[in-house]
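I record each item as I look it up.

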Amino acid sequence: MQLLALLVALPVIAAQSDYAESLLIKPLPRNKALASFLFDTLLSLFPLTYTNSSSSGDHAILSVAKHYLTFPKSIEPIVASTNTRQLHLRFTQGWWDTESWGRLPHNGSHTGGTGVELSAVIEAGSLEEARASWLKLALSLSGFFCALLNFVEDSLTTFPRHDVSEMGAEFVTSANNSLFLMRAALPEEPICTENLTPFLKLLPTRGKAGLGSLLDGHKLYDSLWHSMSIDLITECDSERCSLKLSQNIDHIIDITRLLRKHRLGNILKPLSGDQLRCDLDKKYDDWTCFPLTDETVFEWDFQKIFGRTIKGACFQDDNSSSLIQLDLNNTSWSATVEKSKGDSVHIHDAGLVERLEGTYQYNVNLRTSDSRVVNDIEKPPIEVSRSLTGYSQDKGGIRVNLKNPSKEESVRIVYFETLPWYMRAYLYTLKKSGGGHIEAQFYKPAIDRKRPGHLELVIEIPPASDFTFTYQFDKSLLRYAEYPPDANHGFAIAPAIVKVLDTQDSTVYQMRTTTLLLTLPTPDFSMPYNVIILTCTVMALAFGTIFNLLTKKVVTEEEFEAISKESKVAQIKARISSTILALKGRK
Amino acid sequence: MALAETVLRKVYKLGLLPKLFLILPRVSFLLALASVAWLLMLPMDGQFRNTYISENALMPGQVTSYFRESEWNYVRGFRSEVVNWNFSEMSTDNELLTNWLQDFGWSVSKHRDPKTNTTTTYAIMHAPRGDNTEAMVLVVPYFTSEGMPNKGGLTLGPALANYFAKMSIWSKNLILVFPHNGHSVLRSWVEAYHTTLDATAGSIDAALVVEYPSDSDAFGHLEINYEGLNGQLPNLDLINTVTTVASHEGIRVSVQGMSPDDIDKRDYWSRLQVFASGILRLATAGISSKSPGCESFSGWQIQAITISAAGEKGHDVTQFGRIIDSSFRSVNNLLEKFHQSFFFYLLMSPRHFVSIGTYLPAAVLVAVSFAISSLYSLASGVTTPEFITHISDVLFIFTGIEAVCLLLSLLMQTIVVNATEGYTTTITIVYGLVISTLVTVLSTLAGNNIKILSKTHSYMLLAFALFFIAMLIVSMLIVHFALAFSIGICALPLTFIQPLINMCNAGNGSLIKHKLRIAMCLLISSPITVVVALGYLINDGGMFGIANFSHGLFVSWDAMQSWTYFIIALGWYPAWSAIAVACIFGDFRIESVKQKAD
């Protein structure tokens, strides 16, 4: 609990200086661990401006002098030119194992669904203007983060309803303008090192010093689950505003696998007989071994897990801070910090929070006498599973199951789902079962190629009960150019978002369901050619017949036979037959 | 056009039409013969093709599988526990297995099926960093299709689970299912997965059902079963993948329960045997209770095959595990769904096949043969004006017969499905059906006096029934070739009835002989005779086989959603009944017409 309190206090520390960074390491059951990086940067106090898209915008940006200091200079113009007041970008991959990892880090507020998620609050005079800014923002970020954010378009964009009520602060430059919250998700987008590089470039240290120096694409993406987020928030007092950039990377490390990799290399070769961990209570001899679970007594350090050590504090000044926090269970875990510079090595026991200083190389070593003993895993307030039902090519269904694991408290949630326009959901088929009820329901149907379907449900679930709802949808036929070039996995349906509300209707926890894979009826694309060929044949036949009728004379059969006797072929036939007769006669 | 005109004129001039009409029965029979000959020709050299991997992404056998050496110790370790299990008790609730799987990091769930009154345990391993949208399934039934405890399978299941969990290469989720059997229990799990289960892992791409009944380290060869329900087959690429992986391991592969020695003869007869057995098994898929399990996945766009270890010695159990490992890793490579290669094919051996374009003409020929017979019956006793005025009556009669069949079939099915003593009820019903068939057949011999149907009606009913069979074959042609062709061949004697009647009318030979022949034709071509005979002959049947097979047929829709029962009860049986009705109550005498005309 002490640690939690510290975590909460962190933003306060961050607010005091322009830059702060921290890393949390928390061992999880079954030899897994959570590593959570947080980098906060502040662009302090500047007057808010409104860039009119019709006038030459760049002028306005340049006219205001700003001292960027640690704040990345590259991102601010993008935000300013699109009048973005809030920007949330999420890159997530993998499946969060609620059962053994518990709650999402930061209560899910920094975690997106599989793929890329973008949402922004944009100030604009009208909806059209907001849309234009939104698309411009997506295009700029697409290049910036090497992600296919340029695929964000009107047919993917929704205007979440519930979050609008949470938006709060009114920092618009003129009374005529209002704020628009827009959101889009690209569930098919794979996340890889090329997304990490621009992320690191946003840091003032460029990943060369401080905690950022631990981030290596090879190790980060060899995790079980990883999430990378960028949040840019405008905070204003009466006149002037500041921009807060908070960058976050969370990932789940499989320690056993990384240690094995470190020891034995990448290939999963079988162990030699004497290295097997066998259950001696069961049958055991030279040939037989009942495997035990993974090792529980071992030690690991940052060098092995991250492939690097930390290159000192982020900056040499005192204003910014680099912190490492270790959430260890003291009964079975201990940690030491190894501080080295050149030949001199200094080792000391790690406290709950370690502050990095100077230009030392830092390596943290963790030892466990029983890795199964870890600090309590907090249960999430809600468990959700969503799956596709049905098997036909033209229709299907979605089934969502929500569980309230708490035995005492009921839980109120907002279920938010965006359906692509080619899924025509029918809300009248919505069937509910189990405890709980739908308090409010909002549905905005899709418009083909223009707008996605948008479903928001407020659901209350009593303690220790299950709530299941299903609904049916039709699958549309696409235009031929809208199909992916080759046969494919299917079309990804973006994860649904579940937000747990408190009594004031503000979000206390949020999570995403998994992506779904929808197979659409795909026509046989060779069919048009068959149709062309058949049509041409029929036309040729019809033409031939009519042409015959038009050009030929109609005669009776007798006339025809009389004429045919005089035809050249008939004459040749007659000549041949007479020759044959003559030859026979000669014999 | 001109050419056609000339030909038509010649045909008319030479008076070919009446001559053609006379040889129609022969043409029809020749077409049926040609259809069988067509299929007999396919196993000849040069008529079939070698299988090949069509989807390059699969790259089967390209990885070194490390399920070997000390993994073998683990396999033995698991086996030393598994052999002590009481399989029939454990299959419903296996706490041990659940704990093992949870220890390896798999999340275990249970599916309770009220219909079969069983609980199926299944475990999911979510792919690290995966997008969690696709899955591969490994099914280890507690009891194999032969009813043996699947000891080796249940050893390999947890051993592979332990091994798979160590790897980070998976791009698709893995699901391990432990049903009581591969038949209705697995089917209900598959259905629940797509309708009601909470713990799911995305759409299933491929499934392997594993049978390794022996508890020894060694096995001889690999047997692949692949037939699905309702004529569906797994993508040929999946079979090719497993075959290729097995051959990289040096393991011989057999299909259709043949011994690999027979298959390795690579001669006409071995290929014909595999081919014919393939058609028969495909036609009866879902009916036999000894189904291999892969058919439970049919209808959900899942490619599934069953691999079983057969034989005594030659290879070791980890090699079997390596086949599973390597095949899964091939499927794991797929960037698309299985869409290349063939979905409609018949195998000649594990490495030889014919594709649909090559074997389809056989069924077309049978269908044409029925259509021509139908035309012959029409031309024998019906004129065009009669046809037009009576067609609605005939349709009405036939619809009546169809309605009775529908009612009876639903009734029989409901009775058997809900009966507490399914087999006894089945035997009673089969007795009833056999007796009714015999009575029907005998009454064609006796009943000459009751002529309820008029001459035109009789001819037209017979013609329509034959036409109905032709249409039945055509409509099932592509979807379920094996059943269409089998029905066509079994019902072929029905086409001889009209020529026999015409011979009676012409007064050639003795009347009673012809009548006997007609009765024989009816008896042979009855679906009930065929079902009874099949039950008696296949799967070391005997009398028990008949009960088993008929019971399987009755419950196949309820348990497996196989259409075969309804195709027989609403397609073949009404057509047969219509012809039987025409023979018993019909009036085919041409003389009477002539006398009247005189």
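How much area is buried between domain 1 of chain B and domain 2 of chain B, and what share of it do carbon and sulfur atoms give? I note at the outset that the model is a predicted one. I find a buried area of about 2500 Å² between these two domains, with 64% of it from carbon and sulfur atoms. On the side of domain 1 of chain B, the residues that lose the most area to domain 2 of chain B are Pro43(B), Tyr359(B) and Met560(B), and together they make up 28% of what that side buries.

Entry on domain bounds, chain B. I looked up the domain assignment, which gives domain 1 as 20-43 + 358-597 and domain 2 as 61-350. Taken over C-alpha atoms, the centres of domain 1 of chain B and domain 2 of chain B are 40 Å apart.

Entry on contacts between the two domains of chain B. I read that 29 residues of domain 1 of chain B contact 29 residues of domain 2 of chain B. I looked for salt bridges between domain 1 of chain B and domain 2 of chain B, and the count is 0.

Which elements give two or more residues to the side of domain 1 of chain B that touches domain 2 of chain B? I list α2 (16-41), α16 (481-490) and α20 (542-560) of chain B. The element that gives the most to this side is α20(B), with 8 residues. Sorted by class, this side of domain 1 of chain B holds 18 nonpolar, 9 polar and 2 charged residues.

Entry on domain bounds, chain A. The assignment for chain A gives domain 1 (2-53 + 61-368), domain 2 (383-518) and domain 3 (532-586). I note 72 Å between the centres of domain 2 of chain A and domain 3 of chain A, again over C-alpha atoms.

Entry on Thr84(A). I located Thr84(A) in strand β3 of chain A, which spans residues 84-94. Is Thr84(A) buried or exposed? Its relative accessible area is 2%, so I class Thr84(A) as buried, the cut-off being under 20%. The side chain of Thr84(A) makes a polar contact of 2.7 Å with the side chain of Thr82(A). Leaving aside residues up to four places away in sequence, I find that Thr84(A) touches Val79(A), Ala120(A), Val121(A), Ile122(A), Leu137(A) and Thr234(A).

Note on methods
Residues are numbered from 1 along each chain as its sequence is written. Chains are lettered from A and ligands numbered from 1 in the order in which they are written. This is a predicted model: local features need pLDDT of at least 70, side-chain atom pairs count only at pLDDT 80 or more; totals for chains, interfaces and linings use all residues. Side-chain values use heavy atoms; hydrogens and water are left out. Helices (H or I, at least four residues) and strands (E, at least two) are DSSP runs, numbered from the N terminus. Buried means under 20% relative accessible area, exposed over 50%, partly exposed in between (1.4 Å probe, protein chains only). A polar contact is a pair of N or O atoms within 3.5 Å; within protein, one must be able to donate a hydrogen and the other to accept it, and residues adjacent in sequence count only if both atoms are side-chain atoms. Contact means heavy atoms within 4.5 Å. Domain bounds come from an automatic or database domain assignment. Buried area is the accessible area (1.4 Å probe) that two parts lose on being put together, summed over both. A salt bridge is a side-chain nitrogen of Lys or Arg within 4 Å of a carboxyl oxygen of Asp or Glu. Ala, Val, Leu, Ile, Met, Phe, Trp, Tyr, Cys and Pro count as nonpolar, Asp, Glu, Lys and Arg as charged, and the others, Gly among them, as polar.
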